[in-house]
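I opened the model this morning and kept notes as I went. Here is what I looked up, entry by entry.

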Amino acid sequence: MSDQATIGIFLLLTLAFPAGAMAAAWLFRPAPIQSAEKRTPYECGVDTRGPSWMRFRVNYFLYALVFLAFDVETIFLYPWAVRFQALGLFAFVEMLVFIAILALGLWYAWKEGALQWY
Amino acid sequence: MPYGLLAPEIAVTSLGLVVLGVGLLSRPRPHPAVRVLAVSGLALVLCWVALTFTRQASFFGGVYQVDSFASFFRLLFLSAALLVLLMSGRYAARFGPRLAEWYAFLLFATAGMMVMAGSGDLIALYVGLELMTVSFYVLSGYLLADARSAEAGLKYLVLGALSSAVMLFGMSLVFATARSTVFTAIAAAVAAPAPSPPALLAGIALLAAGFAFKVAAVPFHMWAPDIYQGAPTPVTAYLAVASKAAAFAALLRVFLAALPGQLPDWQPVVALLAAVTIVAGNLIALAQTDVKRLLAYSSIAQAGYLLVGLSAANPYGLRGVLFYAMLYVFANVGAFAVLTLVEVDTGGTGLDSFNGLGQRAPMLAMVMTVCLLSLAGIPPLAGFAGKFYLFAGAVQAGYLWLAFVGLLMSMVSVYYYLSVAKAMYIGPAERTAPVTVPSPARLCLWVCLAATLAIGIYPGPLSALAQVSALLP
């Protein structure tokens, strides 16, 4: 089978899937009840109170940035820790340099007041 | 592996980190040692690169290349950073408590540029590019209290991210056809099929568009004037000179090392981009009354001249790109140094703030005139020799029309460059007090002046250096 045929079959399946799912739902569902609640746009979580165009504290963003830096650090630390024996001293020093640079970043963020909640 | 050859990149990065640390220790007023540390550190790295210029090595299976091409551009970036640091002293006082970070970000941007010039792989190139541009996002919005600077920072962030996305998409298409990100492997993989596959062509087109954004070539130049005008003047100088050169270094590497077999595909595109850029940049510059904006449009036009060398794609033109990029550093930083001093003195960057500068500060007026005439390509200044190489290369490659467009528009450019000289020498002088020039800035001005004159009168050594450093398809 040629590549194009594979892509074509994929395309047909993708088109058929939502149609099939909706047809099955239509077939098996109980008779729908109409209510005002059902006509509101779907939103997960709690209903908002008051205007949603409000200003958020910039601290959320700063926390997120600091968190992201250390999250990524963890991702790098895992494979290094798993292969620690094989990678040896060079990788150990490399990792120390990496953590030192990130620590400097944390120090900077700390001094800038990113960890302070106003 | 000879890690000593990676010392410049490591040293500049560590220097940036140390500067950041010293700045944190000496809050709220940054210690004066920060500046001395940054300048002397850069000078040492510059000497090291010059001394190890002829040594070459390939790292990590070709992912990182230290060759004479990379070393040439390292010299360029380091000289530009040094000159900008020297001339920015008085202006940098505006940065207040964030002075140490200004040095740190400048050093990080320099490190990113050096990685770009040395990268032999698409991913390494992208990492260097982002290190450079993210630093510049911060630097262009550095004067937070100034609405224009804040606007410049935000605009650069949005448009820079857009252009990076375009470039990444191009890289992914090239990777899809070549199945490698290393330049040598790409060149080997895509050399075989005679007509390039459409995916590769699309990838080349997107890469060209992404690089055209970064070098501010028309029609991808719309970000440049606003950002160049809004950013703090020393940042604009560094942005116009070094970030442009870095984008050119990466552009040359990708097109000549990874895609030399596709030369017939990209050559006419680059030639067309060059022609449009030269014409539009010079014509719009004619209408400017603000010197900072005028220099922004002039730097768009200068990118066009550099593109002429790439479109020629022969030894003459490619040597010309390197030669011109280097002399452009001295001419443009010289002009921006004068602009910075005038801005600190008068508070404005309009043409009228240059009125009477000829009497107030003859030295500044002379450096400005020489640098601008060099940018215009008037003999015996450096710009003439550079344009001679670029246009001669274009003629040799059969792009006679392109050389003609370049020559014609160089003549047009003399008008707006001389309009600044006119304001300085025969403009009505409202002020008479002499402009104070601190000694580091004076050193920067002398270096720019001397280099512009010396390269123009005796282009031999730099030309030879550019010749051994040029990449060839």
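**Entry 1: the end of H16(B).** I started at Gly377(B), which follows H16(B) and has a positive phi, near 85°. This is a predicted model, so I read each angle as a computed value. Helix H16 of chain B covers residues 362-376. I checked its length: 15 residues, reaching 21 Å from first C-alpha to last. That is close to the 21 Å expected at 1.5 Å a residue.

How many residues of H16(B) are buried? I counted 12 of its 15, and the helix is mostly covered. Among them are Leu364(B), Val367(B), Met368(B), Cys371(B) and Leu375(B). Thr369(B) and Ser374(B) are also on the buried list. I then looked for what covers them. The cover includes H13, H14, helix H15 (357-360), helix H17 (382-396), H18 and helix H19 (439-457) of chain B.

**Entry 2: cis peptide bonds.** I stayed in the loop between H16 and H17 of chain B, where Pro380(B) sits. A cis peptide bond joins Pro379(B) to Pro380(B), with omega about 10°. I noted another cis bond, from Val218(B) to Pro219(B), with omega near 5°. Pro219(B) lies in the loop between H9 and helix H10 (223-230) of chain B. I flagged both bonds because most peptide bonds are trans.

Entry 3: Ala216(B) is not a glycine, yet its phi is positive, about 60°. Is Ala216(B) buried or exposed? I found 29 other C-beta atoms within 10 Å, so Ala216(B) is buried; the cut-off is 20 or more.

Phe60(B) has a positive phi too, about 50°, and is not a glycine either. I located Phe60(B) in the loop between strand S1 (57-59) and strand S2 (64-66) of chain B. Phe60(B) has 12 other C-beta atoms within 10 Å, so I logged it as exposed. The exposed class takes 12 or fewer.

**Entry 4: the core.** Which residues have the most contacts inside the largest nonpolar core? I noted Phe77(B), Ala80(B), Ala246(B), Val333(B) and Cys448(B). The core has 196 residues. Helix H14 (residues 315-346) of chain B gives the most to it, with 22 residues.

**Entry 5: H12(B).** Does the length fit, or what span should I expect for helix H12 (residues 263-286) of chain B? Its 24 residues should span 34 Å at 1.5 Å a residue. The end C-alpha atoms are 34 Å apart, which agrees. Its buried residues include Trp266(B), Val270(B), Leu273(B), Ile278(B), Asn282(B) and Ile284(B). Their cover includes helix H9 (198-214), helix H11 (233-258), helix H13 (291-312) and helix H18 (400-426) of chain B.

**Entry 6: Ala178(B).** I found Ala178(B) in helix H7 (residues 147-178) of chain B. With 22 other C-beta atoms within 10 Å, Ala178(B) is buried. Beyond its sequence neighbours, it contacts Ala185(B), Ile186(B), Ala189(B) and Val190(B). I also took a distance to Trp102(B): 76 residues apart in sequence, 40 Å apart in space, C-alpha to C-alpha.

**Entry 7: chain A and the contact.** I turned to where the chains touch. The contact takes 5 residues from chain B and 5 from chain A. The chain B side divides into 3 nonpolar, 1 polar and 1 charged. Leu104(A), in helix H4 (residues 84-111) of chain A, touches Leu17(B), Leu20(B) and Gly21(B). Leu104(A) is partly exposed, with 15 other C-beta atoms within 10 Å.

The domain assignment gives chain A domain 1 (1-30) and domain 2 (57-118). Their centres are 45 Å apart, taken over C-alpha atoms.

**Entry 8: confidence in chain A.** Mean pLDDT is 86, and 97% of the residues of chain A reach 70 or more. Helix H1 (residues 3-28) of chain A is highest, at 91. Helix H2 (residues 36-39) of chain A is lowest, at a mean of 78.

How values were computed:
Residues numbered from 1 in each chain as written. Chains lettered and ligands numbered in written order. Predicted model: local features only at pLDDT ≥ 70, side-chain atom pairs only at ≥ 80, totals over all residues. Core = buried A, V, L, I, M, F, W, Y, C linked by C-beta atoms within 7 Å. Helix = DSSP H or I, 4+ residues; strand = E, 2+ residues; numbered from the N terminus. Contact = placed C-beta atoms within 7 Å. Nonpolar A, V, L, I, M, F, W, Y, C, P; charged D, E, K, R; others polar. Domains from an automatic or database assignment. pLDDT = per-residue confidence, 0-100. Expected span 1.5 Å × (residues − 1). Lists of a residue's contacts leave out its neighbours within four places in sequence.
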